Amino acid sequence: MVWTVADFADFPFWARVLFITADMAIRIALLGIVPGNRRPAVAMAWLLIIFFLPIPGLLLFLLLGSFRLGGQRRSRQVAVNSELRRATGHLDLPDQVGAAPDYVGANTRLTRRLTGFPILDGNTFEYLTDYRLTFHKMADDIDRAQHYVNVMFYIIGTDPKGRQGYADLVLDAMARAVKRGVTVRLIFDHIGTARVNGYRELLRRLEADGIEYYRSLPVRPWRGQYQRPDLRNHRKMVIIDGLVGYSGSINLIEPGYKRSSAHRLARNWQDMMARMAGPSVASLDVVFATDWFSETGRQLQQELRGVTESEIDNHEGPAAQIIPSGPGFSQENNLRAFNHLFYSAMETIRVVTPYLVPDDTMLYALTSAAQRGVRVEVLVVRRADQVAVQHAQQSYYEALLRAGVHIYRYPDPDVLHAKLFTIDDDVGVFGSSNMDMRSFSLNLEVSVMVVGSEEVAKLDGIIDMYQSQCEHLMLRDWLARPRHKRWLDNVFRLTSALQ
């Protein structure tokens with residue numbers, strides 16, 4: 001709040017002086033502290049909070065103001081990155097990349113420099129949009145595991161009564177794997193999973209089944225475990241024996257997320273997961289190993305399958321590159337890679353994302369592409385499951401529409417939760433990352449870039465399926481909205497840098 005003289009009328013003179021001095025000192029000090037190594041938009045959002053609420057704003061800033069992980073976690077990430085670069089330094093770009101436009105090779109080099117992960121060919125991909133079928137395939141692959149199963153999800157929840165045949169399929173397969181002597185490792189995000197109904201029941205089940213599990217980024221200060229609570233591990237991965245991997249947007253939970261409100265509305269989350277085989281699965285395994293190392297301090301590299309020489313020499317199959325990102329890295333890997341691809345597009349950009357809250361760099365990349373004649377299509381939800389994000393993303397629609405971006409809104413009550421995009425017929429990207437500042441700065445994410453017209457055509461087919469159910473938002477209709485709705489969107493836009 002903004003203090004006034006009347007607020008201190010009944011206080012002793014020394015108390016008034018102390019409060020006013022502390023208030024001014026906080027504002028002046030943070031004016032020079034908050035902008036350090038932050039985007040101007042983020043700094044302005046924090047300063048706005050501190051201006052209106054000096055004391056609470058300061059406490060909130062101390063709690064949430066840094067998006068960097070703890071020193072031990074950062075040092076472990078650096079160690080893994082260095083080892084990865086050393087182990088893969090001899091690998092050359094695959095032939096498919098050499099045949100693609102120059103920007104594709106440039107983007108792979110950018111990502112490799114930022115993350116250490118090479119691009120590898122000889123892969124196969126199967127793109128899955130059926131929720132139940134995805135879990136059936138995961139369970140079948142886990143049942144065939146001989147050595148190990150590595151599982152990482154942001155949210156896990158057992159199946160509720162009346163909605164069986166989803167997550168329990170995978171959890172049961174993991175339990176069967178343990179019984180036959182397969183090593184099963186599980187990581188789930190602490191906050192993301194702890195807020196799901198039946199969390200304690202899930203823990204008891206995992207312990208009874210003998211599954212070794214760890215909470216990612218735990219917030220349990222009473223046990224000496226504390227991270228900034230809004231830094232989360234948003235990755236979704238399953239790796240079986242280093243031979244088969246899954247990555248995409250599905251969480252290990254039924255499509256209504258065990259929410260009574262969603263069940264009443266018949267709301268389901270619509271997702272896409274890719275089943276992959278080939279050498280890039282090893283890269284996905286390394287991402288899991290990094291998370292495991294961060295939580296346990298134990299190295300897994302010697303226990304993982306890795307890439308064989310025969311796989312490196314086999315060039316039959318599309319090239320792919322794993323793009324891990326998050327506060328464990330010094331740069332925003334996903335944002336830099338995405339923007340580079342957007343600026344390189346010549347014909348089409350097609351984006352599917354539930355949350356579109358771009359920073360200025362991405363907003364310019366998308367609008368500049370549209371203004372130079374690229375057809376830019378963005379598929380978003382008509383009504384998101386998060387009110388603040390819904391209003392914040394709507395505040396960007398006018399600028400996008402005026403630039404010529406085509407916005408398609410997926411009908412509610414369902415939530416289009418898939419995250420993917422394609423560039424021309426050259427490149428496709430899918431994974432766990434949304435197009436918002438949380439996914440660029442605060443969340444640990446993993447994306448997969450695939451190269452080649454055949455893979456792009458498959459992803460475009462999925463986008464076509466989603467788009468056929470969408471309404472095409474027109475600028476004239478958007479401008480006709482009531483003024484109070486515009487006002488609300490703009491208010492939440494002020495906090496978009498912190499969401």
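Begin by selecting Leucine 53, which is partly exposed because its relative accessible area of 39% falls between the limits of 20% for buried and 50% for exposed. The model on screen is a predicted one, and in it Leucine 53 sits in the loop that links α2 (40–52) with α3 (54–64).

Coloured by secondary structure, the protein shows 21 helices and 21 strands, and 57% of its 499 residues count as buried. Among contacts with a separation of 6 or more, 81% are between residues 24 or more positions apart.

The largest nonpolar core has 130 residues, and Phe342, Ile349 and Phe430 are the ones with the most contacts inside it. Select residues 280–296 to display helix α12, which gives the most to this core, with seven residues.

Then centre the view on Isoleucine 349: leaving aside residues up to four places away in sequence, this side of the tour brings up its contacts with Phe342, Leu366, Ala369, Val374, Arg375, Val376, Glu377, Thr422 and Ile423. As a last stop, select Leu30, Trp46, Ile50 and Phe61, which are among the five residues of another core, lying apart from the largest one.

Notes. Residues numbered from 1 in each chain as written. Predicted model: local features only at pLDDT ≥ 70, side-chain atom pairs only at ≥ 80, totals over all residues. Heavy atoms only, no water. Helix = DSSP H or I, 4+ residues; strand = E, 2+ residues; numbered from the N terminus. Buried < 20%, exposed > 50% of the residue type's maximum accessible area, 1.4 Å probe, protein only. Contact = heavy atoms within 4.5 Å. Core = buried A, V, L, I, M, F, W, Y, C linked by side-chain atoms within 4.5 Å.
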